[in-house]
Amino acid sequence: MGDRRVGDRGMGTVRAYRPGDLPSLYAICRRTGDNGADATTLYRDPTLLGHYYVAPYARLEPDLCFVLEQQGAVTGYILGTRDSSRFADRCAREWFPQLQTRYPLPAADDTSPDAALIRLFYQATPADPLWAEYPAHLHIDLLPVAQGQGWGRALMARFLAQLRAANVQGVHLGVATANPGAIAFYTRMGFDTLRADEETQVLGLRWA
């Protein structure tokens, strides 16, 4: 059963992901992909962000993907993996090869946002010592219409409950230093800063 509540803009439901939700998740990822702002104009190919930040999670670990539905439309999501190391290996075997077929490696002098993202399809995700204590990671995005009403907290609660039920001991995430609102949200959710530089903060939460 979904978690229901009446917000400022009406009733909504946090529910399990369905395969038919995927186009909506791609759209939300694109519309929030610039540190929470709309990234539509940044990329020539509107699907690139979703190929990297949405689809592998929805396809490989759909049981950890939840959406917010309001008035019949999906307006937010949370997704992730319980085991970052295993997920990186599966992406390398099961997801990125098909993207490499569709997207040739860009020329070295191509500095466009599209090229930067496509290069990620060819790069192995390096192991991180933090994964030993914080093996899971997540991504959460909400459209402006869904923000400021407690839906982010509701999505996070559903996701964390699923991790606990799977006996996962901790979760981490990365957030741009230029996005202080997101950092404040995660801090309120109990996350601590594990590592930080000028561009990115890595935050984590453990309960075991």
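**Notebook: helices, cores and loops of a predicted model**

I began just after helix H7 (180-188), where Gly-190 takes a positive phi of about 100 degrees. Helices (H or I, at least four residues) and strands (E, at least two) are DSSP runs, numbered from the N terminus.

I noted the basis of the entries: this is a predicted model, in which local features need pLDDT of at least 70 and side-chain atom pairs count only at pLDDT 80 or more, while totals for chains, interfaces and linings use all residues. Residues are numbered from 1 along each chain as its sequence is written, and side-chain values use heavy atoms, with hydrogens and water left out.

**Helix H7**

I looked up burial in H7 and found Ala-182, Ile-183, Phe-185 and Tyr-186 buried. Buried means under 20% relative accessible area, exposed over 50%, and partly exposed in between (1.4 Å probe, protein chains only). Seen down the axis of H7, these buried residues fall within an arc of 160 degrees, so they line one face of the helix. The arc is that of the directions from the helix axis to the C-beta atoms. Pro-180 and Arg-188, on the other side of H7, are exposed. The buried residues of H7 pack against strand S5 (136-142), helix H6 (151-165), S6 and strand S8 (200-206); contact means heavy atoms within 4.5 Å.

I then turned to Asn-179, in the loop between strand S6 (170-176) and H7. Asn-179 counts as buried because its relative accessibility is 19%. I found its side chain reaching the backbone oxygen of Asn-35 at 3.3 Å. Leaving aside residues up to four places away in sequence, Asn-179 touches Asn-35 and Gly-36.

In helix H5 (residues 113-120), I found Asp-114, Ala-115, Leu-117 and Ile-118 buried. Down the axis of H5, the buried residues fall within an arc of 165 degrees, so they line one face of the helix. They pack against helix H2 (48-53).

I located Leu-42 in the loop between helix H1 (22-31) and H2. Leu-42 counts as partly exposed because its relative accessibility is 38%. Leu-42 and Asp-114 are 72 residues apart in sequence, yet 8.2 Å apart in space, C-alpha to C-alpha. Not counting residues up to four places away in sequence, Leu-42 touches Asp-34, Pro-113 and Asp-114.

**Nonpolar cores**

Which residues touch the most other members of the largest nonpolar core? Among its 31 residues, I listed Leu-25, Val-54, Tyr-77 and Phe-121. A nonpolar core is a set of buried Ala, Val, Leu, Ile, Met, Phe, Trp, Tyr and Cys residues joined through side-chain atoms within 4.5 Å. H1, H2, helix H3 (55-60), strand S4 (73-81), helix H4 (84-102) and H5 each supply at least two residues of this core. A second, separate core of 29 residues includes Leu-138, Phe-159, Ile-183 and Phe-191.

**Exposed loop residues**

I checked Gln-71, in the loop between strand S3 (66-70) and S4. Gln-71 has a positive phi of about 50 degrees although it is not a glycine, and it counts as exposed at 72% relative accessibility.

Note on methods:
A polar contact is a pair of N or O atoms within 3.5 Å; within protein, one must be able to donate a hydrogen and the other to accept it, and residues adjacent in sequence count only if both atoms are side-chain atoms.
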